[in-house]
Amino acid sequence: MNKKIVRISAVLAFITTCALAQKQDSVKVNQLNEVVISDTKFAQSKEKSGKVITKITQEELLKKSGQNIAQILSTVAGVEINGNQSANGKNLGYYVRGGRNRQVLIIIDGIPVTDASGISFEYDLRLLPVDQVESIEIMKGASSTLYGSGAATAVINITLKKASKKAINGNAYINIGSNNTAQNSKVNGQDFNQGFSVNGTASKVNYLASVNSSESDGMSQIANFDANSDYETDRFSRINYLSKIGFKATDKLSLDFFGNYDKINNNYDLVYDNTAFNDTNLNKTTSEQFRFGFSPKYQYAKGEFIIISSFNKIERKYDDFNSFTPSIDASLYESRSVNVDAFNKYKFSNEFFLVTGANYQFHDMLSQTIYANVAKEGTKFNMIDPYVTGVFTSDFGLNLNAGARLNVHSEYGNQLVYNVNPSFSFGKNNDVKVLASYSTAFITPSLYQLYAEYGNLNLKPEENGTIEAGFEVNLLDKKLNFNAVGFYREQNNTIGFFFDNITFAGQYITIEGINKAKGVETELSYAVNSKIKLNTNYTFTQVDEALDRLIPKHKVNASLDFQASKRLFLNANYQYVDARKDAFFDGTTFAVANVNLSSYRLVNALIKYELVKSRLTIFGAATNIFNEDFVENIGYSTRGRNFRLGLNINL
């Protein structure tokens with residue numbers, strides 16, 4: 001075993017032996033009471049779920065102070081968020097079970113979110129501050145039956161914070177950190193996050209309003225070309241406004257409204273990897289998002305009926321320095337999305353309920369570039385998807401989740417997907433659960449791939465099928481939880497890009513043929529006593545050559561929580577990311593070559609102290625403590641050793 005790994009293990013062991021024990025009955029991990037929503041759209045005991053769903057609660061988010069959403073998600077088994085260790089303005093890549101961004105669906109408060117003008121219809125998680133988030137559920141595997149297009153390898157289900165039960169409640173926070181690469185050692189603040197919120201409940205009305213902002217500088221988005229180069233830094237800023245209001249019309253009927261505005265400004269550099277001319281302070285981009293929606297919920301004796309509706313507009317602007325002209329080239333991408341999902345849960349008995357629903361989506365886009373203009377009038381499509389899911393749960397341990405969805409697309413016709421997910425729990429207190437599933441998914445071609453200057457109206461939807469099997473076991477009076485899942489995934493009709501080096505013509509195409517991914521994901525959680533808890537996970541992923549880019553074959557996360565006293569909390573965590581393959585673009589030959597990126601290891605630590613009980617908390621964090629110099633993406637900078645200080649005030 002690597003000496004550095006041994007050294008970290010020894011440190012963690014030392015912390016563990018120094019911990020103080022407490023009453024054993026206070027450390028029981030009562031997983032029977034944990035509720036998840038991702039596999040049925042309605043709250044259900046995690047014990048009854050046939051999936052291993054990772055839930056990051058508000059308590060766990062507070063133990064990760066100073067981290068952004070991408071960094072938090074990248075510690076989950078089976079999830080790799082590429083770019084989480086790069087400069088803040090760097091694009092993010094979502095890699096789950098051998099899939100990429102287009103195969104991972106992001107959901108916010110029950111609403112699928114996308115950028116309809118993007119090449120792969122993905123959502124930019126940089127738009128969302130972690131301080132607005134209440135909890136996150138990650139459900140891996142094909143899930144198009146409930147969630148439609150894009151839910152091929154994972155659904156990341158994000159729930160935003162809700163109003164307090166108090167008449168008025170407030171929160172404010174600020175944290176300041178350094179922003180260094182491994183070659184720098186500045187300790188002055190160059191990464192700032194701050195915000196406040198007001199919320200509460202008065203009679204039948206609840207409300208929430210929050211403002212969050214972030215600014216950072218000090219890092220160049222691209223790595224220095226050589227030891228003599230000193231690239232300028234690239235600034236990043238974000239502002240977020242969120243408002244919610246709810247009305248409890250009757251004991252059975254509630255009405256919820258939301259609206260939010262998000263804006264990112266950042267500088268970025270040119271794309272060539274080895275010309276030494278890619279550094280510029282002239283490239284700027286702005287991304288703005290405006291969302292609003294309405295959701296009525298009606299409960300009745302046998303079930304519940306919900307409508308979730310939303311409108312989303314995203315506008316991205318780019319100012320690119322053209323070294324051939326030389327001048328600034330302006331580009332604009334704009335999209336609009338409407339999403340209405342009406343679904344009903346009807347409970348036939350204590351053992352069986354049925355979820356039926358229909359989902360309508362409309363998307364359009366426009367783009368204006370120096371190469372071509374695409375008008376939104378002819379660049380649009382809609383989908384109408386009826387779906388049904390039946391859920392059977394028994395007293396003797398057998399559970400079954402099965403369903404189907406018909407995607408009716410205005411451009412390519414119909415697509416049927418389905419899932420079957422049995423599980424069985426047994427043991428003294430249902431401490432052991434075995435599970436299996438087979439599910440299919442589809443990914444619709446994006447508007448850009450269909451209608452843009454490189455578009456192709458003959459594209460077919462990508463098809464995915466996943467089979468998985470595993471188990472989950474709880475031991476030592478629920479203090480020890482271990483689960484393992486093996487998966488095998490096939491994807492067909494992958495959408496690729498063809499480029500002719502002679503004519504310089506290009507077009508999106510459907511690549512027929514099957515590409516495969518397989519692997520194993522394991523998680524271990526052990527509450528040693530009331531003060532110490534260990535969490536660790538391991539992921540093995542093996543993919544066909546066509547999928548093998550920026551996907552580590554082995555990945556390990558380990559975290560040790562130490563509640564030293566009622567007010568003092570400490571955490572140490574470790575991450576190992578195996579070697580990966582990347583694509584190197586040669587700016588002198590205009591050719592793409594494959595490169596190998598070395599593995600890397602990160603060690604981080606956090607200390608939190610509650611100065612005033614339930615009112616004022618301060619924290620300090622150190623990341624990449626050993627200042628490991630590594631490459632996350634070829635040609636781009638990565639973070640070295642950094643420090644962060646912050647405080648949180650509850651009013």
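Biologist: Which residues have the most contacts inside the largest nonpolar core, and what makes a set of residues a nonpolar core?

Modeller: This is a predicted model. The largest nonpolar core has 32 residues, and L73, I106, L125, V133, I136 and I158 have the most contacts inside it. A nonpolar core requires buried residues of the nonpolar kinds joined through side-chain atoms within 4.5 Å, so these 32 residues are called one. At least two core residues come from each of α3 (69–73), β4 (79–82), β5 (93–96), β6 (104–108), β8, β9 and β13 (236–248). Another core, of 19 residues, lies apart from it and includes F42, F343, F353 and V391.

Biologist: What does I136 touch?

Modeller: Leaving out residues up to four places away in sequence, I136 touches T54, K55, I56, L73, I156, N157 and I158.

Biologist: Why are β8 and β9 called paired?

Modeller: Pairing needs at least two bridges, and seven join β8 (residues 133–140) to β9 (residues 154–160), so the two strands count as paired. They run antiparallel, and I138 has I156 as its bridge partner in β9.

Biologist: What is the order of the strands in the open sheet?

Modeller: The five strands follow the order β3-β8-β9-β6-β7, with mixed pairing. β3 (54–56) and β7 (111–113) are the edge strands, each pairing on one side only. From one strand to the next, the twist averages 25 degrees.

Biologist: How many of the residues score at least 70 in pLDDT?

Modeller: 92% of them do, and the chain averages 89. Over residues 1–32 the pLDDT is below 50, although this stretch has 47 contacts in the model beyond near neighbours in sequence.

Terms used
Residues are numbered from 1 along each chain as its sequence is written. This is a predicted model: local features need pLDDT of at least 70, side-chain atom pairs count only at pLDDT 80 or more; totals for chains, interfaces and linings use all residues. Side-chain values use heavy atoms; hydrogens and water are left out. Helices (H or I, at least four residues) and strands (E, at least two) are DSSP runs, numbered from the N terminus. Axes are lines fitted to C-alpha atoms, for helices over the stretch in contact, and angles run from 0 to 180 degrees between N-to-C directions. Buried means under 20% relative accessible area, exposed over 50%, partly exposed in between (1.4 Å probe, protein chains only). Contact means heavy atoms within 4.5 Å. pLDDT is the predictor's confidence in each residue, from 0 to 100.
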